[in-house]
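This report goes through one protein model, feature by feature. Please keep the sequence and the 3D view open while reading.

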Amino acid sequence: MSELDPTLDPALDTERADRRRLARSTAVFGAATALSRVLGLVREMVAAYTFGAAGRINAFTVAFQIPNLVRALVADTALSGAFVPVFSELLEKGERVRAWRVASTIFWLVLLFTTGLTAVFVLAAPLIVELFGTPGGDFDLAVGLSRLLFPIVILLALSGIVVGILNSYDQFTVPALTPVAWNLVIILGLVLGVPWAGSEDAELYVYAGSIVIATLVQLLMPVPWLRGLDGRLRVALDWRDPAVGRFFVLMLPVTLTLGLINVSTLIGTLFASRLIDPDLAPRAIDLAFRLYMLPQGIFSVAVATVLFPTLSRLAARGDMGGFGRTLDTGVRQIGFLLIPAGLVSAVLAEPITRLVYERGEFTPDQTPVVAGALAAFSVGLVFNGWMLLLNRAFYGLQSNWTPTFVALGNLALNVVLFAAFYRLGVWGLPLATSLSNLAGAVVLMVLMWRRVGGVEAATTLTALVRIIVASVVASGVAVLVWWGVDGALGRSIVGQILSVGLGLGAGTLAYLGACRVLGVRELGSVFALRRGI
């Protein structure tokens, strides 16, 4: 193959066309996700204005994290990580009727299981909340809120199957827009519903109820798009089909992996609530995490979600060369996007936090606490993105236990670091998480490199070094421009918008310019995408 003119190789032409298609899909998905994340940020701004970061809102934070942990175990990525490879493999083999029968069976089995699970946790809520002491100073409020929120487990589990089907057919736009509707419903609940509540407890119940309604909308919104496919979900319980069994076999390690990741988060909340400040630390870390997830959700989730069905199909064909090159492209794309985002958000953590949150019940003394947590989270931004992509890559290979073992080691490391760093204050816990993400990403990369020979490690490392240099330039320019404009205009809302906005804009231009000078190949991919669109 090396002696052929690559411009005449039809296989390479097909691969280039696939890469352009994936780039366009990533751009569209990323744009939709960006809209969702911006609305999510607006949602958090409204919530911070209404409830602040101290007091009873911490009861809500803990109450939401409990069903959110269960959701992570049996819904969302846990389902799609096992469902998409199985469903895609059946489609790839031309067994479409069987693929839809399997999907229908999984849908109804998941509905039955999550309904029973939700009932158990609603009954056990007091015992679970008791582990966190009295978050927000109100144990009964935390229990009541968690019980109201638990039905989201059922809704998100079913949503994961619907979205997995659409993604297997390379339909990403509508699934990416469902969180937009989710955020809009919650914002409406906060703006229109909360003012009518008669007490702070009632306000928090309105907030929780809005989340449940929004999750129902998120499930129903993409359903009409299933009708345009070559099959349909129906009542079926063909649990003897080997593909159904394989789905549950694959789901077990995915569930354990996500469970370990979320148990780590829950342990962090325990440290924050028990050993730091139960009236501030849990909510402060949660607010910082929301800001941290903005670039994470826009970029790495988009890349990993779009590449996952392709990686699954390449693995099903046994095309390890194509698999490795596709994965290598994803690693570079995430590095190109998240390394500068992490550095810039770290150096501008306080002005960003002040601009987004500091109003209403969110007081100036809370800003440095949230900003410190954001800066610490930002250190591990790119590593978390790589872990997301590499986990999906192993799921595509149907080697689902590898991420589980890595997550187990990560959990142990995280607990040790929590114990060592909580004495630093609130920001010590996010820093522990970032260092654990670094270790996990390195281990996953090494294991994948051993498994797939197509990954061009030396070329990727060279590109990442150049990206780091360009990112340092960008962060320096961003903070200097912010400092100058902030000094000239002051801390009014308009002044903050201009100082932060101009700082981020100048940093972006400096980054693109530095990438051009350094010859970063991913910059060329951006311009190629513009021409392709």
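This is a predicted model: local features need pLDDT of at least 70, side-chain atom pairs count only at pLDDT 80 or more; totals for chains, interfaces and linings use all residues.

Two or more lining residues come from each of α1 (10-51), α10 (281-317), α11 (320-347), α12 (349-357), α13 (367-379) and α18 (493-518).

Which element gives the most to the lining of this pocket? Helix α18 does, with seven residues. By residue type, the lining of the second largest pocket holds 26 nonpolar residues, five polar ones and no charged ones.

## Nonpolar cores

The largest nonpolar core has 81 residues, and the members that touch the most others are Phe323, Leu327, Tyr357, Trp386 and Met448. Helix α10 gives the most to this core, with 14 residues. Apart from this core lies another of 69 residues, including Leu141, Ile152, Leu250 and Leu266.

Tyrosine 357 can be followed through its contacts. Leaving aside neighbours within four places in sequence, Tyr357 is in contact with Glu44, Met45, Ala48, Leu287, Arg290, Leu291, Phe362 and Val370.

Helix α13 has 13 residues, and its first and last C-alpha atoms are 19 Å apart, close to the 18 Å expected at 1.5 Å a residue. Its buried residues are Thr367, Val370, Ala371, Ala373, Leu374, Ala376, Phe377 and Ser378. These buried residues pack against α10, α11, α12, α14 (381-396) and α16 (428-451). Val370, one of the buried residues of α13, is also among the contacts of Tyr357.

Glutamine 366 sits in the loop between α12 and α13. Is this glutamine buried or exposed? Gln366 counts as buried because its relative accessible area is 6%, under the 20% cut-off. Not counting residues up to four places away in sequence, Gln366 touches Gly52, Ala53, Ala54, Leu280 and Glu361.

## Helix α17

Helix α17 runs over residues 457-489. Its 33 residues should span 48 Å at 1.5 Å a residue, and the end C-alpha atoms are 47 Å apart, so the two values agree.

The buried residues of α17 are Thr460, Ala463, Leu464, Ile467, Ala470, Ser471, Ala474, Ser475, Ala478, Trp482, Val485 and Asp486. Glycine 490 follows α17 and has a positive phi, near 85 degrees.

Glycine 40 is in helix α1 and is buried, with a relative accessibility of 9%. In sequence, Gly40 is 251 residues from leucine 291, yet their C-alpha atoms are 9.3 Å apart in space. Leu291 is also among the contacts of Tyr357.

Asparagine 183 lies in helix α7 (residues 173-193). At 3% relative accessibility, Asn183 counts as buried. Which residues does asparagine 183 touch, not counting those up to four places away in sequence? They are Ser36, Leu39, Gly40 and Arg43.

Leucine 91 belongs to helix α3 (residues 77-92) and is buried, with a relative accessible area of 10%. Tyrosine 169 is 78 residues from Leu91 in sequence, and the C-alpha atoms of the pair are 9.2 Å apart. With neighbours within four places in sequence left aside, Leu91 is in contact with Arg96, Ala99, Ser168 and Tyr169.

Phenylalanine 271 is part of helix α9 (residues 242-276). Its relative accessible area is 14%, so Phe271 counts as buried. Phe271 and phenylalanine 418 are 147 residues apart along the chain, with their C-alpha atoms separated by 7.5 Å. The contacts of Phe271, leaving aside neighbours within four places in sequence, are Ile276, Phe418, Ala419, Tyr422 and Leu429.

Notes: Residues are numbered from 1 along each chain as its sequence is written. Side-chain values use heavy atoms; hydrogens and water are left out. Helices (H or I, at least four residues) and strands (E, at least two) are DSSP runs, numbered from the N terminus. Ala, Val, Leu, Ile, Met, Phe, Trp, Tyr, Cys and Pro count as nonpolar, Asp, Glu, Lys and Arg as charged, and the others, Gly among them, as polar. A nonpolar core is a set of buried Ala, Val, Leu, Ile, Met, Phe, Trp, Tyr and Cys residues joined through side-chain atoms within 4.5 Å. Buried means under 20% relative accessible area, exposed over 50%, partly exposed in between (1.4 Å probe, protein chains only). Contact means heavy atoms within 4.5 Å. The expected span of a helix is 1.5 Å times one less than its number of residues.
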